[in-house]
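Work through the exercises below with the structure open beside you. Try each task before you read its solution.

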Amino acid sequence: MGKDPRFIYDDFSDRLYISCKKPSEKIYGSVRVLNLTIDFTEERKAVAIELRGASKYLESIGIDSSILNNLSGAEIVFKQQRDGFLINFVLTSGTKVERIPYNIMTEKAVLTS
């Protein structure tokens, strides 16, 4: 498990938690989408995310999940797109950096597909 309080991977429950919350920001609420829980501030800014089944998700997209056991850094990048959101988990282990994509389609995109 990482020593940085902004990220932690718990191999027992296979959960990855990453936060980009500033000390002055307060969590207003959370939303659960599939195997993600996303925390938001009152300003509707996404500031933390938990990925359940992290190793299984990485393996499902062809990424070696052993990176989770030796994390030295982790961050999240949220990008709103026309049809939903793209979330990138940027994981660092030593000199290795992996960008893990996760797409969330909005209801409108699902209905028009």
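**Exercise 1.** Find which element gives the largest share of the lining of the largest pocket.

*Solution.* The model is predicted. Start with the pocket itself: its volume is about 250 Å³. Next, look at its 14 lining residues. The closest to the pocket centre are Ile 38, Phe 40, Ala 46, Phe 78 and Phe 85. Now list the elements that give two or more residues to this lining: strands S3 (27–33), S4 (36–41), S6 (73–81), S7 (84–93) and S8 (96–105). The largest share, three residues, comes from S6.

**Exercise 2.** Work out how the lining of the largest pocket divides into nonpolar, polar and charged residues.

*Solution.* Sort the lining residues by class. Nonpolar residues number 10. Two are polar, and two are charged.

**Exercise 3.** Classify the aromatic pair in the structure.

*Solution.* First, recall what is needed. A pair of aromatic rings is described by the distance of the centres and the angle of the planes. The structure holds one such pair. Its rings belong to Tyr 57 and Tyr 102, with centres 5.0 Å apart and planes at 45°. Planes under 30 degrees apart count as stacked, and over 60 as edge-to-face. The angle here is 45°, so the pair is tilted.

Then place the partners. Tyr 57 lies in helix H1 (residues 54–60), and Tyr 102 lies in strand S8. The pair therefore ties together parts that are 45 residues apart in sequence.

**Exercise 4.** Are Tyr 57 and Tyr 102 buried or exposed?

*Solution.* Use the cut-off: buried means under 20% relative accessible area. Tyr 57 has 17% relative accessibility, so Tyr 57 counts as buried. Tyr 102 has 5%, so Tyr 102 counts as buried too.

Note on methods: Residues are numbered from 1 along each chain as its sequence is written. This is a predicted model: local features need pLDDT of at least 70, side-chain atom pairs count only at pLDDT 80 or more; totals for chains, interfaces and linings use all residues. Side-chain values use heavy atoms; hydrogens and water are left out. On a 1 Å grid over the protein atoms alone, a cavity is a set of points where a 1.4 Å probe fits but cannot get out, and a pocket is an open set with protein on both sides within 12 Å along at least five of seven lines; lining residues have an atom within 4 Å of a point. Grid points are joined across faces, edges and corners, and a volume is the space filled by probe spheres set on the points. Helices (H or I, at least four residues) and strands (E, at least two) are DSSP runs, numbered from the N terminus. Ala, Val, Leu, Ile, Met, Phe, Trp, Tyr, Cys and Pro count as nonpolar, Asp, Glu, Lys and Arg as charged, and the others, Gly among them, as polar. Rings of Phe, Tyr and Trp (its six-membered ring) pair if their centres lie within 6.5 Å; planes under 30 degrees apart count as stacked, over 60 as edge-to-face and the rest as tilted. Buried means under 20% relative accessible area, exposed over 50%, partly exposed in between (1.4 Å probe, protein chains only).
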